[in-house]
Amino acid sequence: MSETVQREEGAQRGEALVEVSNLKTYYEDGGLLSNEPVKAVDDVSLSIDRGETLGLVGESGCGKTTLGRTLVQLETATDGEVLFDGTDVTRLSGDDLKNWRRNAQIVFQDPQSSLNDRMTVGEIVREPLDVHDWKEPRDRRQRVRELLETVGLREEHYYRYPHQFSGGQRQRVGIARALALEPEFVVLDEPVSALDVSVQAKILNLLEDLQNEFGLTYLFIAHDLSVVRHICDRVAVMYLGNIMEVGPTEELFEEPANPYTHALLSAIPEPNPDTDKDRITLRGTPPSPRDPPAGCPFSTRCPAKIRPEKYRDADDELWERIEVFQEILRERQRADRSLSERARSLLGMETRFSDIEEINEEVFGDV
Ligand SMILES: Nc1ncnc2c1ncn2[C@@H]1O[C@H](COP(=O)(O)OP(=O)(O)OP(=O)(O)O)[C@@H](O)[C@H]1O
């Protein structure tokens, strides 16, 4: 596994609420042609301080949602621990797990699909109170009315249905529901990505106000790096199930230490077109999470990779071709041929796989 760049120098860190050690969440679905599990979260260690907002960024499919869902125990960890206030919640079950769930909630990305359209807004927000048998039914209705006001809705919205609301209002309902049981920790899984830009700012302000009012601790999952820069105290950068770098937001944005963070940040559009900015274009796509590379997960695409001794003097173009060639071989070794390709080869028919001479000619033909 890779070594996460930890940058805490000079920063005043508070008391940890969530401490994650060597966490792995694998999906054992196997797939039709591979027995390897999907290593969605692969040996992650990080901590989140009480009252802070930790941002979690990375390309689509790198494991952000799986990590967030594992922290609130909506996914079962394959290995490792998640200490919440000192208790390893991956080991809880039955009533202990149910009681703990009050402390950790999640707000989902898409308020269009995450709310049950057959329930009234009041019922949706009240559901967690009912499940946990919170006080008397009359108290629950009163609590829901207060929560609706807290998130900027009105009491009379209690008997309306989600489809009668705008995207921003629906997300407010999702937030009210998440807050119903007074959690300490909330995973915000891309909470504004599905909303219009004008509505995004209002929801972000609401989340900040709620954090101040109730002392909430957030894991803020996002792909919009400008939003992350605005709202997060620290940021963790994820790639292929691993955390590549964690650090205070401004330090990480100003001076990324890991080459992957560098590449990710270089893709942010520059508001001033005159500013000279080196954009790093990464070659290829991330490797399969079923078969990640040994060592640093970014090694197959890293622009800062140190060349082996015998290639030190090779010119840049040749070195790049060698890397492409290696990647093709790696992919070829990994790719299990599809059933139709196997059938074609058994029948003596041509398959789509070109042989090594053809690849050699294609990659090195003109150098
Ligand atoms: N239930 C599942 N079963 C099998 N594989 C899954 C499951 N959920 C996610 N995955 C796989 O796990 C990997 C991580 O997915 P995840 O949704 O956590 O990434 P992400 O970074 O949140 O992506 P996005 O930004 O697109 O939401 C992906 O390869 C995905 O296909």
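A crossing of two helices is called left-handed if the near helix is turned anticlockwise from the far one by less than a right angle, and right-handed if clockwise. Helices (H or I, at least four residues) and strands (E, at least two) are DSSP runs, numbered from the N terminus.

What you see above is a predicted model, in which local features need pLDDT of at least 70, side-chain atom pairs count only at pLDDT 80 or more, and totals for chains, interfaces and linings use all residues. Residues are numbered from 1 along each chain as its sequence is written.

**Helix pairs**

Let us start with H5, spanning residues 167-179, and its neighbour H6, spanning residues 197-214. Their crossing is right-handed. The crossing of H3 (residues 121-131) and H5 is right-handed too. Axes are lines fitted to C-alpha atoms, for helices over the stretch in contact, and angles run from 0 to 180 degrees between N-to-C directions.

| Helix pair | Axes come within | Crossing angle |
|---|---|---|
| H5 and H6 | 10 Å | roughly 20° |
| H3 and H5 | 7 Å | roughly 25° |

H3 is therefore roughly parallel to H5, and H5 and H6 are roughly parallel to each other; angles under 35 degrees count as roughly parallel, over 145 as roughly antiparallel, 65 to 115 as roughly perpendicular and the rest as oblique.

Contacts (C-beta atoms, placed from the backbone, within 7 Å) join Val121, Ile124, Val125 and Pro128 of H3 to Val173, Ala176 and Arg177 of H5. This H3 contact with H5 has six nonpolar, no polar and one charged residues. Here Ala, Val, Leu, Ile, Met, Phe, Trp, Tyr, Cys and Pro count as nonpolar, Asp, Glu, Lys and Arg as charged, and the others, Gly among them, as polar.

**The sheet**

Four strands form an open sheet in the order S3-S2-S5-S6, paired antiparallel. At its edges stand S3 and S6 (87-88), each with a single partner strand, so one side of each has no neighbour in the sheet. Two strands pair if DSSP finds at least two bridges between them; S2 (residues 16-27) and S3 have nine bridges. Lysine 24 has aspartate 42 in S3 as its bridge partner. H1 packs on the sheet, touching S2, S3 and S5 (79-84), and its direction makes about 60° with that of S3.

**Around the ligand**

Which residues come nearest to the ligand? Of the 14 around it, they are Tyr27, Ala40, Ser60, Thr65 and Thr66. A residue is near a molecule or strand if its C-beta atom, placed from the backbone, lies within 6 Å of it. S3 (38-49) and H1 (64-71) each supply at least two residues of this shell, and H1 gives the largest share, three residues.

Key:
Contact = placed C-beta atoms within 7 Å.
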